[in-house]
Amino acid sequence: MKKTLSLVLAFVLVGMSVFSKNQADKCFKPKEIKKAMIKAAMWQFANPKHELWDWTNGAFYAGVSAAYQTTGDTKLLDAMNKMGEANHWKPGPRLQHADDIAICQTYIDMFRIKKDRSMIQPFIENMDKFLVTPFPVKGIEKITWWWCDALFMAPPALVKLSMTTGDKKYMEKSDELFHETYNLLYDKEEHLFARDLGYVIKGDASDRHEANGKKIFWSRGNGWVMGGLALLLNELPKDYKERSFYEQVYKEMAEKVASLQQEDGLWRASLLDPASYPGGEASGSGFYTFALAWGINNGLLSKDKYLQVVQKAWKGMNSLIQSDGHVGWCQPIGADPKKNFSADSWEVYGTGAFLLAGSEVIKLKK
């Protein structure tokens with residue numbers, strides 16, 4: 001009798017294990033990826049936040065554009081067009097602030113579909129003025145792109161503008177400013193970016209460290225950089241003079257970021273002190289999932305080494321989606337690691353990161 005019960009229990013456990021694995025693998029089916037992307041996007045459209053030209057929506061609509069290219073769902077295309085019209089296809093009001101041109105990435109994507117020059121003309125005029133306007137240095141703002149997030153906001157937009165118009169002056173300016181940010185904020189030992197000069201270790205009383213004594217590297221800040229690099233490299237010609245530089249930074253960061261992934265497949269708000277920040281953070285994790293999957297799909301990263309990292313990450317990202325479709329566990333707007341988020345915490349850029357991730361995960365070949 002005991003032997004029979006043991007056999008029954010064994011079969012039940014095996015069956016549960018198979019069911020659990022099937023449920024986990026379900027999130028990789030193209031149909032399910034598209035379904036999750038549409039559900040997240042539709043929830044976000046129904047729950048708008050911030051000015052439509054704001055950097056937060058710049059990240060969201062970059063994801064919407066990628067989701068449209070993935071799904072072909074015309075509701076997404078209509079939403080992008082509606083957003084652009086509401087903004088009169090203009091950047092935000094600050095000429096020299098990278099945040100205010102993030103939305104222009106989507107304007108260019110729309111122009112490429114609709115061929116309507118009015119969708120990019122305000123951006124062209126804005127950038128032509130930007131190119132001849134000196135940056136007013138103050139405090140830690142010693143360079144134009146003085147914080148690492150800027151490398152998602154501006155370079156992809158400028159490179160897209162050059163590739164669309166055929167005028168290289170925009171991408172060449174982007175190269176110049178990107179190098180300035182790299183030289184100021186990139187840690188060549190850790191292969192990560194400090195958020196801004198305030199987090200660069202200078203060997204004086206101003207230095208800041210995590211509770212475990214490690215340097216402070218913000219997950220979302222580095223997610224912005226990696227996501228921006230993927231978008232930028234996706235545009236650059238293979239023989240472009242600066243491409244090897246961007247590829248090198250991307251590969252160095254990819255290796256470091258992959259080594260910092262946690263057991264649940266996600267990344268913590270502070271990359272080098274995960275124990276102090278329990279719980280995976282959606283926006284940083286989403287951008288890493290996107291960037292690493294893009295690298296595999298485009299031959300920059302070894303499939304043997306990185307596929308399992310991305311698969312684990314995508315499972316983790318799906319665990320953050322709430323029943324109503326919102327992407328939970330997203331750290332609110334800030335400039336450094338915090339513990340101020342939960343399943344109810346959402347932001348438009350968290351949804352954007354999820355959509356970008358899904359748009360690349362769906363292309364992966366096992």
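Is K312 buried, exposed or partly exposed? K312 counts as partly exposed, at 30% relative accessibility. Here buried means under 20% relative accessible area, exposed means over 50%, and partly exposed lies in between (1.4 Å probe, protein chains only).

The model is predicted: local features need pLDDT of at least 70, side-chain atom pairs count only at pLDDT 80 or more, and totals for chains, interfaces and linings use all residues. Residues are numbered from 1 along each chain as its sequence is written, and side-chain values use heavy atoms, with hydrogens and water left out.

A salt bridge is a side-chain nitrogen of Lys or Arg within 4 Å of a carboxyl oxygen of Asp or Glu. The count by this rule is 21 salt bridges. One of these links K312 to E263, with the closest N and O atoms 3.8 Å apart. E263 lies in the loop between α11 and α12 (282–297) and K312 in helix α13 (residues 303–318), so the pair ties together parts that are 49 residues apart in sequence. Helices are DSSP runs (H or I, at least four residues), numbered from the N terminus. E263 is exposed, with a relative accessible area of 70%.

E247 and R243 both belong to α11 (residues 243–259), 4 residues apart, about one turn of the helix. Their side chains form a salt bridge at 2.7 Å, N to O. R243 is buried, at a relative accessible area of 3%.

D336 pairs with K338 in a salt bridge, the closest N and O atoms being 2.4 Å apart. D336 is buried at 19%, whereas K338 is partly exposed at 36%. D128, D167 and K169 join in a network of salt bridges.

Notes: Helices (H or I, at least four residues) and strands (E, at least two) are DSSP runs, numbered from the N terminus.
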